[in-house]
Amino acid sequence: MKRISALCLCLLMTLGVLPQMTTAAATTTQTTDKPIYVLAIGHSYSSNAITYFLHDMAMAGGVDLRVGNLYRAGERLRNHWAYAQSGEKVYAFETFYDTSEGRKSTPNYSIEMALKSQDWDYVTFQQDPINSGKIDGPDGVEPYLTYLSAYVRNMVPNAKQYYHQTWAYEKGFGDNTPAQASQKWWWEDYGYDQETMLNAIKAVAEHAKSEHNMKTIPCGEAMWIAQTTTPFDINNNGKTLYAADGYHANPTYGYFLLSAVWYEVITGKSILDNPYTVDGISDDELTALRQSAHDAVAQHYTDKITDISIKSKP
């Protein structure tokens, strides 16, 4: 039984469902400031971004950042709104509040339960990957983003609301492996093209900003920029930022990059001088990931992040 469990764990890590068993090395700075609490109403993409590396990364930068993620696989805003109305306990509530305790996942949570569990400083929203570039229509973000925003504002009126700009599928998704073939239809509406999908996702994030005053967490742009750097240019033997499935983030490089974006947006601090590292990332790779996250954020927050160095977009 133990052998089977171990094999299953290895398979999950290979597919990108779980992170590789890496040891994070960071210089933890003690802070007396009030902890910052961030809640994502999301799915596995927000789990990739915030529930593994972000807390320790923030602590290395002198910020006690505590995260929660309402996880339901591949869930769209339409269904999040339905569950908010019904109060159904259909979520796993993932948290990372303390380094010594690490990442926890508690089943049978409702949106209301999570909102009432802490005095949240930030609440974030995101769409499911397939429909992440659609504003209107039966599976678009609206009117459900409007409804959820009002619901959350009523529950936690002091929390700032941000929109998580997720990422496009890997280049060649659907053709890269036999396992992906049955999923290729997922991005038919985007012409099976990574840049087209990303631009649609960016348009949704801009809608959230203009219509709901939600600031953007530009993870999609960071993934795009990082793929143009030498360590992660797959057209020139670089490493992939994606998991084997072609849509989740790679559990080492991808998770680090996404956490770095959230770190800059939430804390207002630059990742460039943050000492946090993860085993398995070389110095050159670390530089590329930090700079890519920084450049993506700088395009949205030029008045907030220090040491700005914006690359030309590919």
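The model is predicted, so local features need pLDDT of at least 70 and side-chain atom pairs count only at pLDDT 80 or more, while totals for chains, interfaces and linings use all residues. Residues are numbered from 1 along each chain as its sequence is written, and side-chain values use heavy atoms, with hydrogens and water left out.

**Ring pairs overall**
- The whole structure holds 23 aromatic pairs (rings of Phe, Tyr and Trp, the last by its six-membered ring, with centres within 6.5 Å; planes under 30 degrees apart are stacked, over 60 edge-to-face and the rest tilted).
- One cluster, linked by ring pairs, consists of Tyr37, Phe93, Tyr97, Tyr109 and Trp120.

**Tyr144 and Tyr147**
- The ring centres of Tyr144 and Tyr147 are 6.3 Å apart and the planes stand at 80°, so this pair is edge-to-face.
- Both residues belong to helix α6 (residues 144–155), three residues apart, which separates them by about one helical turn (helices are DSSP runs of H or I, at least four residues; strands are runs of E, at least two; numbering starts at the N terminus).
- Tyr144 is buried at 16% relative accessible area, whereas Tyr147 is partly exposed at 37% (buried is under 20%, exposed over 50%, partly exposed in between; 1.4 Å probe, protein chains only).

**Phe173 and Tyr247**
- Phe173 and Tyr247 form an edge-to-face pair, with 6.0 Å between centres and 85° between planes.
- Phe173 lies in the loop between β7 (160–165) and α7 (194–212), and Tyr247, 74 residues apart from it, in the loop between α8 (219–226) and α9 (253–267).
- Phe173 and Tyr247 are both buried.

**Charge over a ring**
- Lys184 has its charged end over the ring of Tyr192, 5.1 Å from the ring centre (NZ of Lys or CZ of Arg within 6 Å of the centre and within 35 degrees of the ring normal).
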